[in-house]
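Visitor: I am new to this structure and would like to learn how to read some of its features. Could you take me through them one by one?

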Amino acid sequence: MNSRLRRSLCFAAPSLLLARAATAADTLAPGQPAPDFSLPDQDGQTRRLAEWRGKWLVLYFYPKNDTPGCTTEACNFRDDWLQLQELGAQVVGVSVDTSASHAAFAQKYKLPFPLLADARGEVAARYGALSDWMVVKMAKRQTFIIDPQGRIARIYRTVDAEQHSAQVVADLRRLRSQPPTGATPT
């Protein structure tokens, strides 16, 4: 392969990867069915989206266990756990970490909710929440509120780890007070 073609491919490849990721993110919108998943949790138990049918689900993606922002976000969801349960919501975290890493993280911080191991990043990609640099994959810090019928009710593409749990609680209160028809804007 000549050097000019090789240089062109080096510059084009990252753009193509970013375009592919943007397409997945752009396809999801409030009112649409949430993409299905089947992933192991921190105890090795396979968990599926259908398990939470009939309940509100806060599905949050995060980059890595035991990092400052991810720890803050998880502990805030833990601290707001009772409020979230009173609102009929379940919390589920997803990252590309292993089930063993999730088990240690959940135990260390006494997290009362499942952490799902998306080792290949396939579920994060379906939700448009995957950073894929070919060698390294990492979930983006994004959250989806899924309604009891399995539709996306709210998408958070930008998340402040410090304030996010409180924001989710407030939005769940608002969402629960609305009639179940129509989509909610993001």
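Visitor: How many aromatic pairs are there?

Guide: This is a predicted model, and the count in it comes to 10 aromatic pairs. One of them joins Phe 37 and Trp 52, with ring centres 6.3 Å apart. The planes of these two rings stand at 40°, so the pair is tilted.

Visitor: Where in the chain do Phe 37 and Trp 52 lie?

Guide: Phe 37 is in the loop between α1 (3–27) and β1 (38–40), and Trp 52 is in the loop between β2 (46–48) and β3 (56–61). The two residues are 15 residues apart, and the pair links distant parts of the chain.

Visitor: What does one look for to find empty space inside?

Guide: Rolling a probe the size of a water molecule over the atoms shows where empty space is left. Here the count is one cavity of 30 Å³ or more. The largest cavity holds about 40 Å³ of space. By type, the lining residues are five nonpolar, two polar and three charged.

Visitor: And how are two packed helices described?

Guide: By the angle between their axes and the distance between the axes. Take helix α2 (residues 68–79) and helix α6 (residues 164–177): their axes come within 8 Å and cross at roughly 40°. α2 and α6 are therefore oblique to each other.

Visitor: Which residues of α2 and α6 meet?

Guide: Glu 73, Asn 76 and Phe 77 in α2 meet His 164, Ser 165 and Val 168 in α6. Two residues of this contact are nonpolar, three are polar and one is charged.

Terms used: Residues are numbered from 1 along each chain as its sequence is written. This is a predicted model: local features need pLDDT of at least 70, side-chain atom pairs count only at pLDDT 80 or more; totals for chains, interfaces and linings use all residues. Side-chain values use heavy atoms; hydrogens and water are left out. On a 1 Å grid over the protein atoms alone, a cavity is a set of points where a 1.4 Å probe fits but cannot get out, and a pocket is an open set with protein on both sides within 12 Å along at least five of seven lines; lining residues have an atom within 4 Å of a point. Grid points are joined across faces, edges and corners, and a volume is the space filled by probe spheres set on the points. Ala, Val, Leu, Ile, Met, Phe, Trp, Tyr, Cys and Pro count as nonpolar, Asp, Glu, Lys and Arg as charged, and the others, Gly among them, as polar. Axes are lines fitted to C-alpha atoms, for helices over the stretch in contact, and angles run from 0 to 180 degrees between N-to-C directions. Helices (H or I, at least four residues) and strands (E, at least two) are DSSP runs, numbered from the N terminus. Angles under 35 degrees count as roughly parallel, over 145 as roughly antiparallel, 65 to 115 as roughly perpendicular and the rest as oblique. Contact means heavy atoms within 4.5 Å. Rings of Phe, Tyr and Trp (its six-membered ring) pair if their centres lie within 6.5 Å; planes under 30 degrees apart count as stacked, over 60 as edge-to-face and the rest as tilted.
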